[in-house]
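Colleague: I have the sequence and the coordinates open. Could you take me through them, starting with a single side chain?

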Amino acid sequence: MFKTVKRIINWCGDFKGRLYIGFVFSFFSTWFAALPVMVAAYTISMLIEAARGGKAFETKWIGLSIAIIAAFVFLRFLFTYLQARFQETISYELVARDRLAIGEALKRVSLGYFQKVNTGNILNSITTGLQTLETMGIRMIDSFVGGYLNFLCIFLCIAVFDFRTALIALAGAALSFLFLLSISRHSVQNAPVAAQAGRDLTNAAIEYARGLPVVKSFGQGGASMAAMSKACRDNRDICLKIEWGYTPSNCMHLFALKTAGVALMAAAAYLGLSGKMELQFVLMFMFFSFSIFAGLEPISDSAHVLGIIDNAMNQLDALKSEHYIDRDGKDISLTNHDICFQNVCFGYDSREILHEVDFTVPEKTSTAIVGPSGSGKTTICNLISRFYDVQKGSIRIGGHDVKEFTCDSLLKNISMVFQNVYLFQDTVFNNIQFGNPKATREEVIAAAKAARCHDFIMALPEGYDTVIGEGGSTLSGGEKQRISIARAMLKDASIIILDEATASIDPENEHLIQEALSALTRNKTVITIAHRLATIEQADQILVIDNGRVVQKGTHEELIKQEGKYKEFIRIREEAEGWRL
């Protein structure tokens, strides 16, 4: 319990000062909650004494006592308000900072990280995990510290007048604390199980949503829903089991406090009846018996989430501590853009994909990469962009090893156009401007015209301000492809990587996209993964990749004269492209 409380306080970082000031305000708020009880007890005792025929009651004290109580109540709410102003916003500011930090971290990790940790787990950490910290972190600290401050203030009041009675309150608080420790241990033990159930549910929901087109096409709605239903049931069963586990300790915690409250009232009554305590103190003790443990009772709710908060902080630390691929990188400006692979070996986990790959792409030349599926073509492009790090050898751009760069300083030199284009759920304008956030509207439109997409954009309901669906779902494949080319044009990087950018384009759009690509690649260093003969034949250099090795290298005229993979590849492509019905 104390470990988690300390972690949350340390998590506050620069906000610790505000947190501690909030505790001071909470301390005064508690005192101003106790003082009206003492004034009320004193006033009632005077009324009772007067009714018994004792000292006459001064009627002016009624107005005075009401004014004093009102002042204390006002001060209590004032300090409660100040405490909330200083503390309540801390977690929201911290979580916003951490979410942005995680976003920055995810930009700088190897793509291999996303193969080890699936999207659902990351999403669960950023949303559910951080939301727990956001909504419960500071409140849990306030509940814990404020609850015991409230108890301490009233305990000191009681102890001043009768230490023996105060021991009853202390015993009740100590006994309840033992049960709180039990709740905390139970929470810590079960938090990983509950978190895993939450991640499984998130993963199942994401997979269900992503797989709906396939599910519908095969009519397997029941089968696809089975995994989702199982994840929902498992999450429900685990949460119920955990809640039932809390029940005994939770009940005993409340029972200890209620019993101590009743015992405190009985002790005060006994001391009053036996003449060992004045009436005003008896009344004060009885009033305090209802409020002394009021701040301790809700702590069991905080103890329930201690383990969840601790687990959320573990996930946060794991995301933040993930190895940045450019941790030692520097901002480097290039004077040329030659690309050189030297004995490059690379594999995913234990499976090696590339073996001793050597080639050079001179600046402002075009290189086509061809080869069978799974031979390592896309992997080569990913390594140039340093989405992964090589296991052996080196990749140099402009004479610098890519490991010397920061991700931003490397990627500002590279534009990529993928076969599967991803567009953001935003306006067409913002999707194109993503290539250069500083670009003006005129520059965005000029890029769109060069990419041959201005006409169809203007035909959209809101033109460039039309919001497109997630992933570009409201546009055709050719339209998405041309927008991605416009985005790459706007970036105006010196190195262009085209990963089968025209592989799945319909013939009606192909000539438009080829025109756009020609405009994009003019005077650039170009690497193209391609299967179309027109693209391959025009390249200054062709690399033939097979089983992760460069098996042939040269121009089209040179390679077509040689027996080997390239000649066979060209023969198959000519047969495919010359096929007629």
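Colleague: Is arginine 386 buried or exposed?

Modeller: Arginine 386 is buried, with a relative accessible area of 7%. Buried means under 20% relative accessible area, exposed over 50%, and partly exposed in between, with a 1.4 Å probe and protein chains only.

Colleague: Which residue forms a salt bridge with arginine 386?

Modeller: Aspartate 389 does, and the closest N and O atoms are 2.7 Å apart. A salt bridge here is a side-chain nitrogen of Lys or Arg within 4 Å of a carboxyl oxygen of Asp or Glu. Aspartate 389 itself is partly exposed, at 24% relative accessibility.

Colleague: What should I know about the model before going on?

Modeller: This is a predicted model, in which local features need pLDDT of at least 70 and side-chain atom pairs count only at pLDDT 80 or more, while totals for chains, interfaces and linings use all residues. Residues are numbered from 1 along each chain as its sequence is written, and side-chain values use heavy atoms, with hydrogens and water left out.

Colleague: What is the mean pLDDT, and where is confidence lowest?

Modeller: The mean is 80 for the protein, and 88% of its residues reach 70 or more; pLDDT is the predictor's confidence in each residue, from 0 to 100. Helix α8 (residues 212–218) has the lowest confidence, with a mean of 60, and strand β4 (residues 392–397) the highest, at 91. Where pLDDT is low, the predicted coordinates should not be read in detail. As for the labels, helices (H or I, at least four residues) and strands (E, at least two) are DSSP runs, numbered from the N terminus.

Colleague: Back to the charges. How many salt bridges are there by this rule?

Modeller: The count comes to 13. One of the salt bridges joins the side chains of aspartate 465 and arginine 441, at 3.5 Å from N to O. Aspartate 465 lies in the loop between α16 (454–458) and α17, and arginine 441 in helix α15 (residues 441–450), so the pair ties together parts that are 24 residues apart in sequence. Aspartate 465 is partly exposed at 42% relative accessibility, and arginine 441 is partly exposed at 34%.

Colleague: And what about lysine 524?

Modeller: Lysine 524 forms a salt bridge with aspartate 492, with 2.6 Å between the closest N and O atoms. This pair links distant parts of the chain, 32 residues apart: lysine 524 is in the loop between α18 (507–521) and β8 (525–529), and aspartate 492 in the loop between α17 and β7 (495–499). Lysine 524 is buried at 15% relative accessible area, whereas aspartate 492 is exposed at 52%. Aspartate 492 also follows α17 and has a positive phi, near 55°.

Colleague: How many residues of α17 are buried?

Modeller: In α17, 12 of the 15 residues are buried, so the helix is largely enclosed by the rest of the structure. Among them are Lys480, Arg482, Ile485 and Met489. The helix covers residues 477–491 and reaches 21 Å from its first C-alpha to its last, close to the 21 Å expected; the expected span is 1.5 Å times one less than the number of residues.

Colleague: Which residues of α3 are buried?

Modeller: The buried residues of α3 are Trp61, Ser65, Phe72, Phe79, Gln83 and Gln87. Leucine 78, also in α3 (residues 60–87), is partly exposed, with a relative accessible area of 32%.

Colleague: Now the strands. What is the order of the open sheet?

Modeller: Its 4 strands run in the order β2-β1-β4-β5, with antiparallel pairing. The edge strands, β2 (351–361) and β5 (400–401), each pair on one side only. Two strands pair if DSSP finds at least two bridges between them. Strand β1 (residues 339–348) is joined to β4 by 5 bridges, and cysteine 345 stands opposite lysine 392 in β4.

Colleague: And how do β9 and β10 pair?

Modeller: Strand β9 (residues 541–546) and strand β10 (residues 549–554) pair in the antiparallel sense over 5 bridges. Isoleucine 545 has valine 550 in β10 as its bridge partner. The two strands form a hairpin with 2 residues between them, and asparagine 547 in the turn has a positive phi of about 50°.
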